[in-house]
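Dear colleague,

I am passing on the structure below, together with some notes on what came out of going through it. Please read the notes with the model open beside them.

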Amino acid sequence: MKLKIKGKLNNKVNIKQQNSSEEIAIKLKETDYYQGIKLDCRKNINTSKKILANIEVLNGIQKRNQQRAEKMGVLYTPLNNISKMEHSAHILKEQLFKIDRKLAEICNQTNFQKLKFDLETIAKTNIGITALLKCLNDSKNSMISNKYSRFPEMIEIEDRELKRSIAERSRKIRGEAELKKLKDDLKIIEEGTFKKFIGILIGRNKIDNCLEMQIRYRKMAIESTLSKKLTLVQKYDIEEILAEILMFIEENEKDELIEDDVDSLKILAEELKKNYTILDSNVQTIISQRDGKNSLYVNKKITKKEIIELETQRFLNKYGYRISYVCDQEGYEYQDTMATEIDRIITYINNLNII
């Protein structure tokens, strides 16, 4: 009795029926067909090990980010569920080992039709698993899909989430401090009728009215900016965040009204320097570009009213404040799907009933 088995390269192997199942197993394991199936099993196992290694790296990134966030007083929530992901990956690895062991057990069969069927089943299963494992490595996020494969992308997402939280905290402290100052400025301008009367005599009221309008405009721009949540669509630059903090500290260090806010930003700035590689020259370049003082007054006579208006625009541009009259579209929301995708492979294997 003979068994004809087709391999990937269409090579045919004839195995004669022997009295000893051990001899059959030995002869079968020498065939290219069997060795090809065995190689696919090992490749899938190695891929599962690599997935677990990548999960461990991602876990380390999350822990590092949590430590940094605590030092900076920043709320950071990891975006990938490591525990669920790792649990699924371990189950998958064990299933792949079972398939490999099942292949070795099949070789001891003396029923050639059953032997052939089981070998072909495992061969097809390996192909399906390989394809599904490959999908795990494909980028899932359109905003950075051209740059990263799956796990590097996940690390980038985690780092971006921490930087987003840092930027949001810096913006919140600075914005709320500016609102305190503006509220105080309005209070001074609106004080009593006596100053208004004096203003009529000396012609000061027009300037005060312009100043009041600009203060209210700044207030609207800051409040509008703070109302918009920062999202992962934007890629946050730590050197830019630090530049904004240092500009604010330099301008407000002696202002007792917002002393606590300045101190909080000083702590944040120091932690940024400790936890990230920052080039001072890059930060100073950003500050010079954002400040833009020299571009305001270009050898022409301007009125005091125009100076006040130009200073408002410079301030808004410097810190990125703007008034938005329309609802911004919802920002990108990251979806953690890795564990679910691994579970699909597990379900695929279970439904085949081969182990």
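Leaving aside its neighbours within four places in sequence, with which residues is glutamate 156 in contact? The residues are Ile144, Tyr148 and Lys235, where contact means heavy atoms within 4.5 Å. Glutamate 156 lies in helix α5 and, with a relative accessibility of 14%, counts as buried; buried here means under 20% relative accessible area, exposed means over 50%, and partly exposed is what lies in between, with a 1.4 Å probe and protein chains only.

Two sentences on provenance are needed before the rest. This is a predicted model, in which local features need pLDDT of at least 70 and side-chain atom pairs count only at pLDDT 80 or more, while totals for chains, interfaces and linings use all residues. Residues are numbered from 1 along each chain as its sequence is written, and side-chain values use heavy atoms, with hydrogens and water left out.

Overall layout

The protein has 12 helices and two strands, these being DSSP runs (H or I of at least four residues for helices, E of at least two for strands) numbered from the N terminus. Along the sequence the order is β-β-α-α-α-α-α-α-α-α-α-α-α-α. Of the 355 residues in the protein, 41% are buried, and of the contacts with a separation of 6 or more, 76% are between residues 24 or more positions apart.

The cores

The largest nonpolar core has 41 residues, a nonpolar core being a set of buried Ala, Val, Leu, Ile, Met, Phe, Trp, Tyr and Cys residues joined through side-chain atoms within 4.5 Å. The residues with the most contacts inside this core are Ile166, Ile241, Ile245, Leu272 and Tyr276. The elements that give two or more residues to the core are α2 (32-72), α5 (150-189), α7 (205-226), α8 (238-252), α9 (259-275), α10 (280-291) and α11 (304-319). A second, separate core has 40 residues, including Ile51, Met85, Leu103 and Leu133. Isoleucine 245, when neighbours within four places in sequence are left aside, is in contact with Ser170, Arg174, Leu265, Leu268, Ala269 and Leu272.

Helix α3 (residues 82-106) and helix α4 (residues 112-136) pack at an angle of about 155 degrees, and their axes are 10 Å apart. That makes α3 roughly antiparallel to α4, since angles over 145 degrees count as roughly antiparallel, those under 35 as roughly parallel, those from 65 to 115 as roughly perpendicular and the rest as oblique. The axes are lines fitted to C-alpha atoms, for helices over the stretch in contact, and the angles run from 0 to 180 degrees between N-to-C directions. Leu92, Leu96, Ile99, Lys102, Leu103 and Ile106 in α3 meet Leu115, Asp118, Leu119, Ile122, Thr125, Asn126, Ile129 and Leu133 in α4.

Individual residues

Serine 165, found in helix α5, is buried, with a relative accessible area of 4%. Not counting residues up to four places away in sequence, serine 165 touches Val74, Leu75 and Tyr76, and the C-alpha atoms of serine 165 and alanine 69, which are 96 residues apart in sequence, lie 8.5 Å apart in space.

Glutamate 240 lies in helix α8 and counts as partly exposed, at 36% relative accessibility. With neighbours within four places in sequence left aside, glutamate 240 is in contact with Ile286 and Arg290, and its C-alpha atom is separated by 6.7 Å from that of isoleucine 286, 46 residues apart along the chain.

Glutamine 289 lies in helix α10 and is exposed, with a relative accessible area of 62%.

Finally, asparagine 353, in the segment after α12 (338-352), has a positive phi of about 55 degrees although it is not a glycine. Most residues other than glycine have a negative phi. Asparagine 353 is exposed, with a relative accessible area of 66%.

With best regards
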